Amino acid sequence: MLPYKRVLIKLSGEVLAGAKGFGLDMDVVLRICKDMAELAKAGIEIAIVVGGGNIFRGVNAEKLNLDRAQGDYMGMLATVINSLALQSALEKLGVPTRVQTAIEMKAIAEPFIRRRALRHLEKGRVVIFAAGTGSPYFSTDTAAALRAAEIGAECLLKVTKVDGIYDKDPSLNADAKLLKELTYEEAIKEQLKVMDAAAFSLCMENNIPIIVANILKENTLTKILLEGKKIGTIVHAKKE
């Protein structure tokens with residue numbers, strides 16, 4: 001028995017840069033996509049939302065003397081580049097994939113249409129949701145929570161470069177403690193930076209568990225979604 005039949009994977013853009021720190025490391029992209037291909041072939045319905053931080057982050061717009069809304073649109077375009085790279089890698093592995101964008105780009109992707117996305121998932125295609133929510137001032141985490149609710153995902157799996165949610169920033173505090181389990185309320189109250197409050201609230205309202213784990217560790221996706229192992233941090237309604 002698979003722990004989840006339909007999942008939304010929120011993939012950090014920074015992860016796709018690998019050791020380069022900027023742009024795309026296609027070796028990293030291919031390694032991640034090999035795990036996703038294994039999940040798809042096992043019968044898991046997969047949707048993906050990818051960030052754009054390896055190319056441009058809208059929240060950095062002010063530092064560059066750009067208007068915040070303009071910066072957010074630039075960040076949305078960065079997520080489209082990443083989405084097309086993921087699509088190319090998945091299709092080379094024999095996985096049918098569709099990219100849907102929140103901002104219409106007819107020449108390169110489908111517009112986001114919920115019913116069409118659901119049909120793709122039912123047919124075993126991986127669906128990549130690009131361009132965030134299509135509106136500025138919303139993060140790709142919020143876009144992931146929104147799309148997860150819209151497609152009826154049973155889990156939102158956020159994979160980044162950290163092992164899960166800590167009680168304090170592990171890069172600044174050697175004594176930071178990994179939290180294995182949290183409620184939505186605790187995550188919002190503690191203002192944990194791993195996701196924004198809007199994303200946590202959307203998942204809480206729709207009872208979608210959030211798992212935060214490290215994608216750079218070997219077979220993270222398959223261990224969680226095929227083997228049912230408890231890795232990283234889970235945020236849900238009630239502690240067991």
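In which sense do strand β1 and strand β6 pair, and over how many bridges? In this predicted model, β1 (residues 6-11) and β6 (residues 155-160) are paired in the parallel sense, with five bridges between them. Within this pairing, I9 is placed opposite L157 of β6. Both strands belong to an open sheet of nine strands with mixed pairing, ordered β4-β3-β5-β2-β1-β6-β10-β11-β9. The edges of the sheet are formed by β4 (110-111) and β9 (181-183), each of which pairs on one side only. Helix α4 (residues 140-151) lies across β1, β2 (45-50), β5 (126-130) and β6, and its direction makes an angle of about 170° with β1.

One aromatic pair is found in a search of the whole structure. The ring centres of F112 and F129 are 5.5 Å apart and the ring planes stand at 80°, so the arrangement is edge-to-face. Because F112 is located in the loop between β4 and α3 (114-122) and F129 in strand β5, the pair ties together parts separated by 17 residues in sequence. F129 is buried, with a relative accessibility of 2%. R147 lies over the faces of both rings: the distance to the ring centre is 3.8 Å for F112 and 5.9 Å for F129.

A further position examined is V28, which is part of helix α1 (residues 26-41). V28 counts as buried because its relative accessible area is 14%, under the 20% cut-off. Apart from neighbours within four places in sequence, V28 contacts V15, L16 and G18.

Note on methods
Residues numbered from 1 in each chain as written. Predicted model: local features only at pLDDT ≥ 70, side-chain atom pairs only at ≥ 80, totals over all residues. Heavy atoms only, no water. Pairing = 2+ DSSP bridges. Helix = DSSP H or I, 4+ residues; strand = E, 2+ residues; numbered from the N terminus. Contact = heavy atoms within 4.5 Å. Axes fitted to C-alpha atoms, helices over the stretch in contact; angles between N-to-C directions. Buried < 20%, exposed > 50% of the residue type's maximum accessible area, 1.4 Å probe, protein only. Phe/Tyr/Trp six-rings, centres within 6.5 Å; stacked < 30°, edge-to-face > 60°. Lys NZ or Arg CZ within 6 Å of the ring centre and 35° of its normal.
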